[in-house]
Amino acid sequence: MYELVKLLHLAAAIVWLGGMTFMLFALRPAAALALEGQPRARLMVAVWQRFFAAAAVSVLVLFFSGMNLYTTAFRAVKAATGAGSVPLGWNLMLGIGLLMFAVFGHIYFAGFARFKRRVAAAEWTQAAQSAALIQKLVMLNFALGWLAIAAVRLVR
Ligand code: HEM
């Protein structure tokens, strides 16, 4: 069961981080080259609508599977040794993971909502500012995601 939950956790991380890789390094630069501001903004509304829905599912799966892995191992160590402990890297993943979820919530409920409103109102300059902020926050989560994985793999 533990291995199955870990596989689910890994799958959700791949979906989220893979999506961010594609968005940051392929879609956004290509759209900036090929499209004018207005069609590009409309494209990004349609793209982000879909991608953020998939990312929201990943966030839920990562949270519940991550907490399950963490508490299962913590309890097993406690039952075996009398004192519960987990590697520092796991606590780093928990902390960084919670930070990533908060950043994602901000992107989705504040940044993206504002971007959609501005595109719908044809406020193109402000829409571009919102898109730039979303881009920065996704970049932040991308870096944090890899930091969390490095921590869980490398820090004992
Ligand atoms: C509440 C947040 C999180 C918690 C409590 C958590 C917990 C854990 C734990 C306990 C493990 C180690 C399992 C083991 O080695 O047996 C793990 C592994 C992993 N986590 Fe998380 N995690 C969280 C968030 C995240 C996030 C946000 C990502 C990436 C976007 C992520 C990606 C991974 C990956 C890729 C592994 C597998 C590493 C390996 O193969 O050894 N986790 N997580």
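**Reading the ligand site and the pockets**

A polar side-chain atom of R153 lies 2.8 Å from an oxygen atom of the ligand.

Student: What kind of model is this, and how are its residues numbered?

Tutor: This is a predicted model, in which local features need pLDDT of at least 70 and side-chain atom pairs count only at pLDDT 80 or more, while totals for chains, interfaces and linings use all residues. Residues are numbered from 1 along each chain as its sequence is written, and side-chain values use heavy atoms, with hydrogens and water left out.

Student: How many residues surround the ligand, and which are the closest?

Tutor: A residue is near a molecule if one of its heavy atoms lies within 4 Å of it. Here 19 residues surround the ligand, and the closest are Y2, K6, H9, M93 and R153. By class, this shell has 15 nonpolar, two polar and two charged residues, where Ala, Val, Leu, Ile, Met, Phe, Trp, Tyr, Cys and Pro count as nonpolar, Asp, Glu, Lys and Arg as charged, and the others, Gly among them, as polar.

Student: Which helix gives the most to the shell around the ligand?

Tutor: Helices are DSSP runs (H or I, at least four residues), numbered from the N terminus. The most comes from α2, with six residues, although α1, α2, α3 and α4 each supply at least two.

Student: What space does the ligand take?

Tutor: Rolling a probe the size of a water molecule over the atoms shows where empty space is left. On a 1 Å grid over the protein atoms alone, a pocket is an open set of points where a 1.4 Å probe fits, with protein on both sides within 12 Å along at least five of seven lines, and lining residues have an atom within 4 Å of a point. The ligand takes the space of the largest pocket (more than half of its atoms lie within 2 Å of the grid points), and the volume of this pocket is about 790 Å³. Of the 29 residues that line the largest pocket, the closest to its centre are H9, L69, M93, I149 and V152. The largest share of this lining, nine residues, comes from α1.

Technical notes
Grid points are joined across faces, edges and corners, and a volume is the space filled by probe spheres set on the points. A polar contact is a pair of N or O atoms within 3.5 Å; within protein, one must be able to donate a hydrogen and the other to accept it, and residues adjacent in sequence count only if both atoms are side-chain atoms.
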